[in-house]
Amino acid sequence: MADLITVEDPDDPRLRDYTGLTDVELRRRREPAEGLFIAEGEKVIRRAKDAGYEMRSMLLSAKWVDVMRDVIDELPAPVYAVTPELAERVTGYHVHRGALASMQRKPLPAADELLAAEGAGAGHRIAVFEGFVDHANLGAAFRSAAALGISAILLSPDCADPLYRRAIKVSMGSVFSVPYARLDQWPADLEKVREAGYRILAMTPSSKATPLDQVPPERFERSAIMLGSEGHGLSTYALRAADEWVRIPMAEGIDSLNVAAASAVAFYATRPPRPPASAEVQGVSGGSS
């Protein structure tokens with residue numbers, strides 16, 4: 001059972017994991033270096049725990065202690081009970097959801113390992129993100145990937161951290177369920193994706209790209225759907241490395257969608273077709289005499 005500890009001093013060193021959560025640059029450096037990340041809100045904390053992440057501690061306002069009692073009773077990590085005012089002084093913002101947890105990161109798999117693990121399944125689709133620097137867009141894209149059957153995500157070296165608090169929150173914990181890795185050499189490591197049997201489809205608004213609804217469904221099997229940064233899209237180098245350019249058909253006068261929205265459309269449009277219902281199922285409501 002976890003120790004429930006009431007803390008009244010915002011400078012208590014036991015709360016160090018939670019200090020300055022609004023300082024993005026500080027947290028970007030600190031969290032990976034110290035092997036931790038912050039989960040915010042009851043659902044996200046539970047999903048992190050269920051995904052096998054080890055909890056270092058929890059920071060709860062009083063009314064959340066009973067809500068999280070089952071988690072508290074299961075875990076050896078300390079639980080710090082604080083007032084909302086003290087939580088705000090420590091973190092730098094009003095903790096609306098009243099519950100934070102400091103979690104231990106897992107070692108990130110190498111891209112080769114991830115591709116080998118995914119390579120056994122026919123019809124699998126993966127995603128490749130280049131230059132996603134906005135944590136909200138990254139989290140939203142992970143959520144779409146989880147919902148629409150993307151089996152893994154590969155990140156360019158300059159992509160944001162999927163385990164940053166904002167990305168986790170927007171993804172509703174989907175960053176815990178979709179395996180991901182970084183491609184260290186960009187874009188040279190895209191060749192590893194191709195060698196693993198994936199066809200690289202570059203999403204671009206270019207008029208030279210094929211509209212998604214004109215691509216035969218079989219070309220989406222074993223595909224790596226590659227999307228680029230929020231501002232400039234895919235780099236010239238990434239586009240050159242692709243096997244095919246594809247685009248979302250847009251209304252006249254509209255150039256493109258936000259990358260998070262574009263990822264959802266692309267993942268939906270490329271999903272495998274569902275098999276038709278069997279004759280037995282179709283006729284189950286009718287009887288014979």
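Guide: Seven strands make up an open sheet with parallel pairing, in the order β8-β7-β6-β11-β9-β12-β10, where strands (E, at least two residues) and helices (H or I, at least four) are DSSP runs numbered from the N terminus, and two strands pair if DSSP finds at least two bridges between them. The edges are taken by β8 (180-182) and β10 (210-211), each of which has a single partner strand, so one side of each is left without a neighbour in the sheet.

Visitor: Before we go on, what kind of model is this, and how are residues numbered?

Guide: This is a predicted model, in which local features need pLDDT of at least 70 and side-chain atom pairs count only at pLDDT 80 or more, while totals for chains, interfaces and linings use all residues. Residues are numbered from 1 along each chain as its sequence is written, and side-chain values use heavy atoms, with hydrogens and water left out.

Visitor: Back to the sheet, then: how many bridges link β7 and β8?

Guide: β7 and β8 pair in the parallel sense over three bridges, and the partner of L154 in β8 is A181.

Visitor: And what about β9, is it buried or exposed?

Guide: Four of the five residues of β9 (residues 199-203) are buried, so this strand is largely enclosed by the rest of the structure; buried means under 20% relative accessible area, exposed over 50%, and partly exposed in between, with a 1.4 Å probe and protein chains only.

Visitor: Where does S156 sit?

Guide: S156 is in the loop between β7 (153-155) and α8 (165-171), and because its relative accessibility is 0%, S156 counts as buried.

Visitor: What does its side chain touch, in polar terms?

Guide: The side chain of S156 makes a polar contact with the side chain of D158 at 2.5 Å, a polar contact being a pair of N or O atoms within 3.5 Å in which, within protein, one must be able to donate a hydrogen and the other to accept it, and residues adjacent in sequence count only if both atoms are side-chain atoms. A polar atom of the S156 side chain also lies 3.0 Å from the backbone nitrogen of G131.

Visitor: Which residues other than glycine have a positive phi, then?

Guide: Among them are M172, whose phi is near 55°, and R222, with a positive phi of about 55°. M172 is in the loop between α8 and β8, whereas R222 is in the loop between β10 and β11 (223-227). R222 counts as buried because its relative accessibility is 16%.

Visitor: Changing topic, how is β2 placed?

Guide: β2 (residues 36-40) is mostly covered, with five of its five residues buried. L36, I38 and E40 point one way from β2, and F37 and A39 point the other way. In a regular strand the side chains alternate between the two faces of the sheet.

Visitor: What does β2 pair with?

Guide: β2 pairs with β5 (residues 99-104) in the antiparallel sense over five bridges, and the partner of I38 in β5 is S102.

Visitor: And the chain as a whole, how many helices and strands?

Guide: The protein chain has 12 helices and 12 strands, and its C-alpha trace spans about 65 × 60 × 40 Å along the principal axes. Buried residues make up 47% of its 289 residues, and of the contacts between residues at least 6 apart in sequence, 77% join residues at least 24 apart.

Technical notes. Contact = heavy atoms within 4.5 Å.
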